[in-house]
Structure formats: structure tokens, C-alpha cells
Amino acid sequence: MRKWRLLLIVSGLGIIFAGCQVNPVTGENEFNLYSVEQQKQMGSDYSKQVEKELGQSVKDPQLQNYMDTVGQRIARVCHTPSEGFIYKAIDHKSVNAFALPGGYIYITTGLLKVLNSEAQLAAILAHETAHVTCRHSAVTMSRDLVIGAGLSVLGSEAGAAARVANIVAQLEGMSYSREHERQADQVGLDYLVKAGYTAYGMIETMEILQNQNGTRTIEFFSTHPNPENRIGYLQERIYTQGYRGEGKTGQSEYSANVLNRLGK
Ligand SMILES: [Zn+2]
């Protein structure tokens, strides 16, 4: 009996060591069972589900091209530029944006309509890009998989149920930790500035989202410290990093390529 237990522990440790990867943003080793290729495959599978169940991709090539142009400006300066990021607008009235593993990034028409500049759009895309480069979903899913597997071993149905619930939540970006959200805000702010946008695009976006607090948002408010705190630590980072207000705002571009085309 003892021997078996020991074997289980040893093989368990084996999985954990096999699952360690270097995080591209922090440079630290962490538990992540999914290779870049697997994350890409998962993202591709989920993206079909998203477009089927959550909202169709907006059928407007000019608007989609614009999303992609702004997104690629961010992707070029991120930690993993060769990942092949895909930025898309989907038709849904919720105020939302989310990232799937593998670099699939979505923003809803509901959110596009409440923004008013390219820098604000870039801020949202930068935050979501940072979730991908920081490997937040892959790390969260790896952890949940192990916890889920542990529960199943104990003979409980809860393990399997929790796993399914988790994947669905993951799809909607609900189960990032506060720490992950804070990191995505801060790393995203760096991407925004490196891409040539004003750092204040991120602050303005938070203020806009704060005013939307009454409406249902899936991602941005789900797991967060209150928005005032978010603005607080972003302002602090703008100060400590020496970011200035200079950089592109792009209000007229945003109106021409997004607001006017969505009939706003
Ligand atoms: Zn987030």
C-alpha cells in the first residue's frame, strides 16, 4: 500500500515538473501543461464556439481591418510577437472584451460603441493581449485541471462538474484572479505606450467602464478590485515609468472606422 502511495506521489511530481514552462513576461518557471501549439489549437476550437454562441463576427471589412491594424500595432511590441494574434469585433450588445488561449482576441460592438478614441480601443486590446502573453488562461486551466483531477480521484462528481463550469467561465474570461487582472492592466499599459499611444487611453477606458458599472459586463468587472483602485495603480505606474501624455489619441480615426460605421 505504501509503495503505491509513493508511486502516486512520484508520478504526480513528474507531471508537475513536466508541466513547468518559462513565462514569457516574468521569465519565471511556472506550472503550465499547455504548449504554445496546444494553446493555439484550443483557441481555434473555442473561437468557433464563441462566434456560434456569443456573437457573429461583424460583417464589415473596413471595421475588422481597423481592429486588426490597431491590434497588430500592440502585437508587434508585446513579449511574443510571433504568436500570430487575431483581433476581431463580434456583434453582441454586452460591454465586453476577452482573450482565448493562443492569441484570439475579441471585442463586442457593445464595448466599441462606448469608447471614443483609438487609444482607448488600443488600451482594451493591450490588456487582452497581456492576458495571452502572461499565459493567464493556460496557467489557470492547468491548475484547475489538476484540482479537478484530484477531486475525481476522490470519487466525487464535483470534480468533473467544476471542470466543465471552469472551461465555460474561462471562455468568458471570468475566472482570472485579481492578480492576473492587475498584471494585464500593467503589462497592457506598457504595450500601449510602446505602440505609440497615449498612456491616458488606459485611464480613460477605466473611467468609461466605471460609468458602465450598472450594466452587465462579463470580463472587465467580474473579478476586479473596484475601478477606483485600478485607476490608482495605473496612475502610479504612469508616474513611476515616466510615461507622459504624448502619443496617439486617434479620435477622428475611431469615429470614421468604428462609431460612424456602427451607426453611432
Ligand atoms: Zn482582464
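Leaving aside its neighbours within four places in sequence, which residues is Ala184 in contact with? The answer is His127, Ala130, His131, Cys134 and His136, where two residues are in contact if their C-beta atoms, placed from the backbone, lie within 7 Å.

A word on the model itself. It is predicted, so local features need pLDDT of at least 70 and side-chain atom pairs count only at pLDDT 80 or more, while totals for chains, interfaces and linings use all residues. Residues are numbered from 1 along each chain as its sequence is written.

The secondary structure of the chain comes to eleven helices and five strands; these are DSSP runs numbered from the N terminus, with helices being H or I of at least four residues and strands being E of at least two. Of the 264 residues, 37% count as buried. Here buried says that 20 or more other C-beta atoms lie within 10 Å of a residue's own, exposed that 12 or fewer do, and partly exposed covers what falls in between, with C-beta atoms placed from the backbone. Take the contacts between residues at least 6 apart in sequence: 72% of them join residues at least 24 apart.

Now back to Ala184, which sits in helix α8. Ala184 counts as buried because 23 other C-beta atoms lie within 10 Å. Between Ala184 and Thr129 there are 8.0 Å in space, C-alpha to C-alpha, though they are 55 residues apart in sequence.

Thr129 takes us to the pairing of α5 with α8. Two packed helices are described by the angle between their axes and the distance between the axes. The axes of α5 (residues 118-133) and α8 (residues 178-194) come within 8 Å and cross at roughly 125°; axes are lines fitted to C-alpha atoms, for helices over the stretch in contact, and angles run from 0 to 180 degrees between N-to-C directions. That makes α5 oblique to α8, given that angles under 35 degrees count as roughly parallel, over 145 as roughly antiparallel, 65 to 115 as roughly perpendicular and the rest as oblique. On the α5 side, the residues that meet α8 include Ala122, Ala126 and His127, and their partners in α8 include Asp185, Val187 and Tyr191. Sorted by class, the residues of this contact are eight nonpolar, four polar and one charged. Ala, Val, Leu, Ile, Met, Phe, Trp, Tyr, Cys and Pro count as nonpolar, Asp, Glu, Lys and Arg as charged, and the others, Gly among them, as polar.

What about α8 on its own? Its 17 residues should span 24 Å at 1.5 Å a residue, and its end C-alpha atoms are 24 Å apart, which agrees; the expected span is 1.5 Å times one less than the number of residues. Among the buried residues of α8 are Glu181, Gly188 and Leu192. Just after α8, Gly196 takes a positive phi of about 95°.

Helix α5 also packs with α9, at an angle of about 85° and with the axes 8 Å apart. The two are therefore roughly perpendicular to each other. Ala119, Gln120, Ala122, Ala123 and Ile124 in α5 meet Gly201, Met202, Glu204, Thr205 and Ile208 in α9. This contact has six nonpolar, three polar and one charged residues. As for α9 (residues 200-211), its buried residues are Tyr200, Gly201, Met202, Thr205, Met206 and Leu209.

Arg135 has a positive phi of about 60° although it is not a glycine. With 25 C-beta neighbours inside 10 Å, Arg135 counts as buried.

Val22 counts as exposed because it has 12 C-beta neighbours inside 10 Å. Leaving aside its neighbours within four places in sequence, Val22 is in contact with Gly27 and Asn29.
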